[in-house]
Structure formats: C-alpha cells, structure tokens
Amino acid sequence: AGSTAPDAPQPAAAPTGDLDALAAAAGSRDVDTAVARLHDLEHRFHAMARGRETGNKNNIGEELGKERDQLVADIKSLRQLVAGLSASGLGATQLEAIQAALYRGINAVSPYYYQHNNVIYEYSKGRGEKNIYNTCNITSLSMCLEALGRTAADYPHPELLKPVAEFFGHELADKAGDVTSQDLTGYRLPEVVAMVATVHLLGNKLGTHDEIAAAAGRVMGKEAWLANINHVAILAAYFGASPTVGSIGFSEALNAYGKEHWKATDLGAEKRKQTGKGAAAGSLTTADIEEKIPAKAYKRAAMHALAPALDGGKQVVVGQFHHFVRLQSIDDQWVVKDDPGRWTGEDLKVTWEEARALGLFTNYCIVA
C-alpha cells in the first residue's frame, strides 16, 4: 500500500568517486566525455521536481513531464556512447570497469514510476471485477525500459492501441496525470504498456468494444495475466528488448518466508530510509530459514546471476513475495530497488537479510 505523505524526499546523489578515479587513470577523451555527460544527468536528475512539488497532485513521487522525456532521451544517447567505448589505449578489464561504473551511474538517475499513479488496471473498476493493486509488473518493466532509453515510440504498432485508448478513454481523460502530448507517446509509459498487454490478449489485432472488454477481463480478472514474470518478458519484447527469465532457486521457500515477513521488513527499510534507523541485524534470521535458504548461498546465487547483467548495462525486473520491483543495483552489502508499490520507493536500500525476508529474487527478467 502507498503512503499518503505530501512530499517525497529527494533521492540521494549517486556516488561517483570510483568512476572519476577510473576515468582519470584511463586518460581517454571519449571516457571523459561520457563521464561529463553522466555528471550532467546526475545534476539535472537531482534538481528535477517530483510530483506534488509542482502542484501536480496525481503523480506523487515521480519525475515529470518534458524534463522526464528529455532525461530518457539523454539516457539513450549516453548509453550508446558507453556501449561504443573502445578498448584502444585501454586494457579490456579497465574498459569493462569503466563501462560498468557508467552503467551503474545511469541506473541511479533513471526515472521512477509509482504504480498507484497508473489509471489503466491499477484502480479500474466496473469492467467485470473489482481489481486494484495489479500493476507493479508493468510499472517495474516501464522503469527498466526507460533506463534503457526506450519509450512508447519503440512499440511498432501504435494503430492497434488506439481502440484500447478509446476503451479506457474515461480513465485517461479523468485521471491520467503528466500527459505531455495528445498522441500515445505523451502518456506515462505504464499506461502504454497496459494497452500493449491488452492488444497482446486480443491476438495483436484491432478489437471491438466487446473484444477489448474480454481481453481487459483476462488482464484484470482471475487469470491475473499480468502477475507472471514470463508475461513481463513478452511485453518487454514488444518494445524491441531482449528478455531472459530466470530464477536463483529457493523460490518456494522465499515465497513462504516472504509471505510471513514482507510487510514488517518493507516498513523497516522505509523507516531506515526516512530516519536512518531500521531493523536490527539478525532480527530476521532463524535457524529454520538458514536451513531452507542459507544466507551465503542466497546472496552468492543472486550476485552471480544479476550483478554481471547490471554491470553490462542490462535491466532487471525482480520478483519478491506478491510483488515486482526494478533492481537498481546489487553489491556485497546492499540491494537497491526501485519499488513501485509505495510513493517513496525510489532508491530503497535493503540488506541481504531483508531481501531474503521480502522473498526477493523468487524470479527475475533480465531486459537488454
């Protein structure tokens, strides 16, 4: 559930010391250019107004409007520069370290979405069944796509979305915030991804009102089509991405443990973010969970599967108990996630012990 506090805190600035040291040692003009452009993005990102800071009551916690669109465009351009850096004059290992540091920096300034700002499927009612809190999956995927520099314009069949947009016309006209233009690319990306999910269940064809209603019922209803990591992968591919679905193991035990502990753990991490104080170390560990999900093996498996993906510039949607989030970073001490489930969920740091108690890494979708 989301908080209703009036003003979201500004995200902490991303650390850049290691990257600056790597760049200084490289002595490369192209590397210096990439680092300078990242620092410019960092400066602009931390100066951006978030929802409610500009009188926008609908988009709490989110970076907004044309500034956000420009940020995504600049992320795309910078990522192209980083991917094209040459090993000429650098060792392969040195180049890998520089690129990984640049990608980590980009991840820290990629836009955030709060799922309860979504108007399609999150709070839509009266279309077969009452459904809320459905869209953490498409919201996390939307964050990943924009962190890759992808937008609604990457979807190749916008003509198929127009009848769906008309079907949800009331929701979009009445509730959609932060609309930057009248065409489909002007909507927040989660709304567009929701339309794409509907078109997929239509069989990727134009649909009548009744056909769209039936597809929407599948998305929202008992089938819970959205609540599946494999379907996140399907939606990612529509935007030109290459998805890979996997698991680190322990899924059944992680779900069971997460069901018991996720709420208290989530609140503890949120408290630490706001006050600097959180749950005491060891308070979430028992002999039983150590037997079922050994902490060292859990951490090792997650790091092995996902750290190289992030260092290589890929994005990751991660499952935890009854929820999906965007994995922003992962290291020996912290897991940092962009959690769409609460308005202060951007840059939420959890310890490995907390990650296990959340049921984090039950599954994942790497998006490239």
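Is N117 buried or exposed? N117 counts as buried, because its relative accessibility is 7% (buried means under 20% relative accessible area, exposed over 50%, partly exposed in between, with a 1.4 Å probe and protein chains only). This is a predicted model, where local features need pLDDT of at least 70 and side-chain atom pairs count only at pLDDT 80 or more, while totals for chains, interfaces and linings use all residues. Residues are numbered from 1 along each chain as its sequence is written, and side-chain values use heavy atoms, leaving out hydrogens and water.

N117 sits in the loop that joins α4 (92-108) to α5 (136-147); helices (H or I, at least four residues) and strands (E, at least two) are DSSP runs, numbered from the N terminus. Another buried residue is A194, with a relative accessible area of 0%, and its place is in helix α8 (residues 189-201). Leaving aside residues up to four places away in sequence, A194 touches I120, Y121 and I138 (contact means heavy atoms within 4.5 Å).

Then there's the sheet. Its 6 strands form an open sheet with antiparallel pairing, in the order β1-β6-β2-β3-β4-β5 (two strands pair if DSSP finds at least two bridges between them). β1 (243-246) and β5 (348-351) stand at the edges with a single partner strand each, so one side of each has no neighbour in the sheet. Inside this order, β2 (residues 315-320) and β6 (residues 363-367) pair in the antiparallel sense over 5 bridges, and V316 stands opposite I366 in β6.
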